[in-house]
Amino acid sequence: MLKVWGRPYSSNVIPVIWALNELGLKYDLMLAGGSFGKLDTDQYAKINPNRMIPAIQDGEFALWESLSIIRYLSEKYGKGSLLPSDPQVKAIADQWMEWSASKAFGPVIYLFFATVRTEPAERDIVKITRLRDEAHEALTILDQHLSNQAYVCGDKFTMGDIPLGCIVYRYFNIKVDRPKLPNVEAWYQRLSERPAYRKNVMRHFGENPTDWAALEKACESEGIT
Ligand SMILES: N[C@@H](CCC(=O)N[C@@H](CS)C(=O)NCC(=O)O)C(=O)O
């Protein structure tokens, strides 16, 4: 059985868990990171020497870096579904996966930390507005790309939609005013129709650090501690 090391509320673990569920694969979730710890053990250093999550074990084979894991799972288990067969379509999927990490992830996750993960009395509105603007500017590029197609690579859902789908869920559910992104919103609605997205990505993450800590701890029932 595949093993996934991580916690279901971690921004880099969610896309891996979503991919596994899209592929209908069974796996053991080994709760690690955040309040679950375990990253500083010798056992974990052999799986991921960076001592970060996610990591997977597929038999004797171990792999870390969320995007590499999604590509591996798609190559091995997702031919004809998550993995585009045409090399150019696959390259476009790869391109948007890389772009998710280089341009979109940072502003959205820092916005998330500046809001949900910061006590309301300590929030810095100037910083929040700047991060919201940076996130919007990046996602405007995705919005233009999606103006005449249903998914990142065309008319079919692929691995290229996975990391960005997770980032956009966070962005749309942080309590800040946001300018409209009509094509990203329509794509997000399409993703919301997918059971694996609803189950693994659309998790209520609360509005403050107390909510967050309780939700993260409550997901203990989902994995192996
Ligand atoms: N580029 C890496 C980043 C991994 C990463 O930053 N993981 C964070 C969680 S999102 C981590 O391990 N933090 C320590 C912890 O959760 O305890 C990836 O995409 O897998």
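Visitor: Where is Pro54 found?

Guide: Keep in mind that this is a predicted model. Pro54 belongs to the shell of residues surrounding the ligand, along with Ile53 among others. In terms of secondary structure, Pro54 sits in the loop between α2 (42–47) and β3 (55–58).

Visitor: What is the omega of the peptide bond from Ile53 to Pro54?

Guide: Most peptide bonds are trans. The bond from Ile53 to Pro54 is cis instead. Its omega is near 5 degrees.

Visitor: Which residue has a positive phi although it is not a glycine?

Guide: Most residues other than glycine have a negative phi. Look in the loop between β2 (27–31) and α2 for an exception, at Lys38. The phi there is about 75 degrees, and the residue is Lys38.

Visitor: How many charged residues does the shell around the ligand have?

Guide: The ligand's neighbours include Arg7, Ser10, Asn12, Gly33, Leu39, Met52 and Glu65. Sorted by class, the shell has four nonpolar and six polar residues, and the charged ones number two.

Visitor: Why is the pair of Trp18 and Phe157 tilted?

Guide: The structure holds 14 aromatic pairs. In this one the ring centres of Trp18 and Phe157 are 5.6 Å apart and the planes make 45 degrees, so the pair counts as tilted. The partners come from distant parts of the chain, Trp18 in helix α1 (residues 14–22) and Phe157 in the loop between α5 (125–145) and α6 (162–173). What makes the pair tilted is that angle of 45 degrees.

Technical notes
Residues are numbered from 1 along each chain as its sequence is written. This is a predicted model: local features need pLDDT of at least 70, side-chain atom pairs count only at pLDDT 80 or more; totals for chains, interfaces and linings use all residues. Side-chain values use heavy atoms; hydrogens and water are left out. A residue is near a molecule or strand if one of its heavy atoms lies within 4 Å of it. Ala, Val, Leu, Ile, Met, Phe, Trp, Tyr, Cys and Pro count as nonpolar, Asp, Glu, Lys and Arg as charged, and the others, Gly among them, as polar. Rings of Phe, Tyr and Trp (its six-membered ring) pair if their centres lie within 6.5 Å; planes under 30 degrees apart count as stacked, over 60 as edge-to-face and the rest as tilted. Helices (H or I, at least four residues) and strands (E, at least two) are DSSP runs, numbered from the N terminus.
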